[in-house]
Amino acid sequence: MRLPTYDELSSDEEQLDILEAPLDESLFVVGPPGSGKTSLAVWRGDALAELYGTATPVITYNRMLRRSLYLVADEHDIDIRASTMQSYVGKDYWHQTRTMVPKVPPHRYEYDWNQMVVRLAKKEPHAEALVVDEGQDLPPGFFIYASRHIAKALTVFADEEQAISGKRSTLEQIKASAGLPHPMILSENHRNTPEIARVAEHFHQGQLPAATVVRSRSGDRPKLVRSGSAESTVGRIINEFRNRSGSIGIVVDQNSTGRSVYKGLVDQLPEHRVDIYTSDDANEDSIDVRVPGVTVLNKDSVKGQEFDTVFVLELERFVPCTNDAEFRAMYMMCTRARDRLFLVYGRERLSAVAEAWLPSGDVLER
Amino acid sequence: MPIRLPQRLRDIRTTEIVGRVRKDPRTCGDLLLGVDRQTAMNAIGWGQAEFDEPVGSLSAEDRVLLYAYWNQLGHLEELSEAFNQLFGGNSPSQPLIVVDLGCGPFTGGLALIGQLSTGELFDYIGVDRSRAMREFGEHLATAVDSMAGTPRSKRQWVADIADATWHAPPSWRPVVVIVSFLLASPSLHVGTLLAGLEQLLSRLTRGPTTILYTNSPRVAPNRTYPAFRDGLLDAGFRLTADDTGPVHTERGERVVRYALFHRDSQRTLQLGGD
């Protein structure tokens, strides 16, 4: 009897399949947190730049994500043009029509995609390629516009399970709007410990199974923590930082809570990096989340980031999840943590319903 | 090197099969459970009998025990050799799900336990139409559980593949399907078997699936193999081994017909539309 070994049978090099996909064709990739989508978006951008001799535009949802793309590209010395969708399309439309983007009244920021596409009906795509990261949070109208009037070939990375935007697209909408092939699947989570992934899976829904966790068990179970005041929360974060250093992400629901925690941290960690980002401050370019220190973000801006340790504050405002969007938000927030995760609730005790609804004690330590 | 069963499997066989037969009050010299070898072989029909009915003085349980005594060891050696070559001390990174079609008394599960690392956990779905076979399989599996330092299995036993219960959503876990001597059964319908298997697999996993086929080297027991093979190829499996060859054991050489099929993890998500 002569059989191949199991290792020979299962050559599941899924990232390689994506890196080697034809560059002159559209590509659609879905993958869970920690599957390397952002890095692959940057590498695809690099390969396209080499093919066409011009820096590839890489579009994403918000400014912190744009910053992440920049940092990944910078780390590998890759030249891409990272932009938010809002900014890139605003400039593109101006460039093509010499008029401002029409908006859907009364919204200041909501583009009128129908009007834009009608206006540009006779215009062909002007670029060879466009790469989109976090595509699930962009509206279907963008994908129609991008495929008809920006680029001949689109590469879109998405994870429907992490969509947080109210203007999000389903995978079916992305595929249909942009004329993409069926998505290739990334199935491995290289970021979270198995213990953290188990907590996140409690909130997982969707068309694909929860990701395969590649990392080994750490023995460090995520913890549910009560913290009666902003001072005690700050004290706990400082203890964590002093004991373990590394990068710590603090996720809040309300920016006012974030500012209060930020102030306490700055006062007590004057010699270390402490940052807070809100979209009003637009200070993302001064933040490098890779440098050891603490970063305070809200649930929208933490999307796409990763830290050694994550504290999700104001848990009582996030659970129990009552709709799909709330499940997705919890799933996304928990999966930001590489090694340690704390779910923190505040002055009020968690309701019995919320307590019972969270993962059991063998998964989430009480 | 001849395959040598791990000591824990030899111990189980000694206490739970050979010991039970030898200590039975009906056993005397060459008469095991009160019958000679030819009678025993007729009663177990070379492994292809309906085991749940008594035959002469032998109950259904007696017949299963005699099957385990006379026939199981060879199959255990063949499957141990196969799993040794497949996993070779290097198990998949995630816990296996094992579907053993025509499982007999936990033969595939025992062979796998002998080759996996200590402490590993796998799910085991044993499918066999014989109640007595399933019950003796669970008896052997429980005996293994009581031994320190053995891999653990979470088991279910069903008469029909359609009866398997699986409440967890599909995962990316690897599945191994064992089809050992099942196609020798004259009543087996390959199309029905493959349809049932595909339906079960779709409930278990989106991950890789490996199917191990073994059988007698004789032509007749393999007569439905071409349909089985072609059905799997149509379902996206690739054939990675397909031969007849020896398995070297301490008791000598056994020739076995074998094949190995493999299907990778799902690589694309089929959305609505084209």
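Analyst: What follows concerns aromatic pairs, charges over rings and salt bridges in a predicted model.

User: How many aromatic pairs are there over all chains, and why is the pair of Tyr69(B) and Trp70(B) called edge-to-face?

Analyst: There are 17 aromatic pairs over all chains. In the pair of Tyr69(B) and Trp70(B), the ring centres are 5.1 Å apart, and a pair needs centres within 6.5 Å. Their planes stand at 75 degrees; angles over 60 count as edge-to-face, so that label applies to Tyr69(B) and Trp70(B).

User: What makes Tyr69(B) buried and Trp70(B) partly exposed?

Analyst: Tyr69(B) has 12% relative accessibility, and buried means under 20%, so Tyr69(B) counts as buried. Trp70(B) has a relative accessible area of 26%; this falls between the limits of 20% and 50%, so Trp70(B) is partly exposed.

User: Why is the pair of Phe83(B) and Phe87(B) called stacked?

Analyst: The planes of Phe83(B) and Phe87(B) are at 15 degrees and the centres 6.1 Å apart. Planes under 30 degrees apart count as stacked, so the pair of Phe83(B) and Phe87(B) is stacked. Both residues are buried. They are four residues apart in helix H3 of chain B, a separation of about one helical turn.

User: How do you know that the charged end of Arg257(B) sits over the ring of Tyr225(B)?

Analyst: The charged end of Arg257(B) is 4.6 Å from the centre of the Tyr225(B) ring, against a limit of 6 Å. The label also needs a position within 35 degrees of the ring normal. Likewise, the charged end of Arg63(B) sits over the ring of Phe51(B), 5.3 Å from its centre.

User: What makes the contact of Asp220(A) and Lys223(A) a salt bridge?

Analyst: The closest N and O atoms of Asp220(A) and Lys223(A) are 3.6 Å apart, and the cut-off is 4 Å, so the contact is a salt bridge. Asp220(A) is buried at 18% relative accessible area, whereas Lys223(A), at 21%, counts as partly exposed.

User: Which parts of chain B does the salt bridge of Arg4(B) and Glu250(B) tie together?

Analyst: The N to O distance in this salt bridge is 2.9 Å. Arg4(B) lies in the segment before helix H1 and Glu250(B) in the loop between strand S6 and strand S7, so the pair ties together parts 246 residues apart in sequence. Arg4(B), with a relative accessible area of 47%, is partly exposed; Glu250(B), at 46%, also counts as partly exposed.

Notes. Residues are numbered from 1 along each chain as its sequence is written. Chains are lettered from A and ligands numbered from 1 in the order in which they are written. This is a predicted model: local features need pLDDT of at least 70, side-chain atom pairs count only at pLDDT 80 or more; totals for chains, interfaces and linings use all residues. Side-chain values use heavy atoms; hydrogens and water are left out. Rings of Phe, Tyr and Trp (its six-membered ring) pair if their centres lie within 6.5 Å; planes under 30 degrees apart count as stacked, over 60 as edge-to-face and the rest as tilted. Buried means under 20% relative accessible area, exposed over 50%, partly exposed in between (1.4 Å probe, protein chains only). Helices (H or I, at least four residues) and strands (E, at least two) are DSSP runs, numbered from the N terminus. A salt bridge is a side-chain nitrogen of Lys or Arg within 4 Å of a carboxyl oxygen of Asp or Glu.
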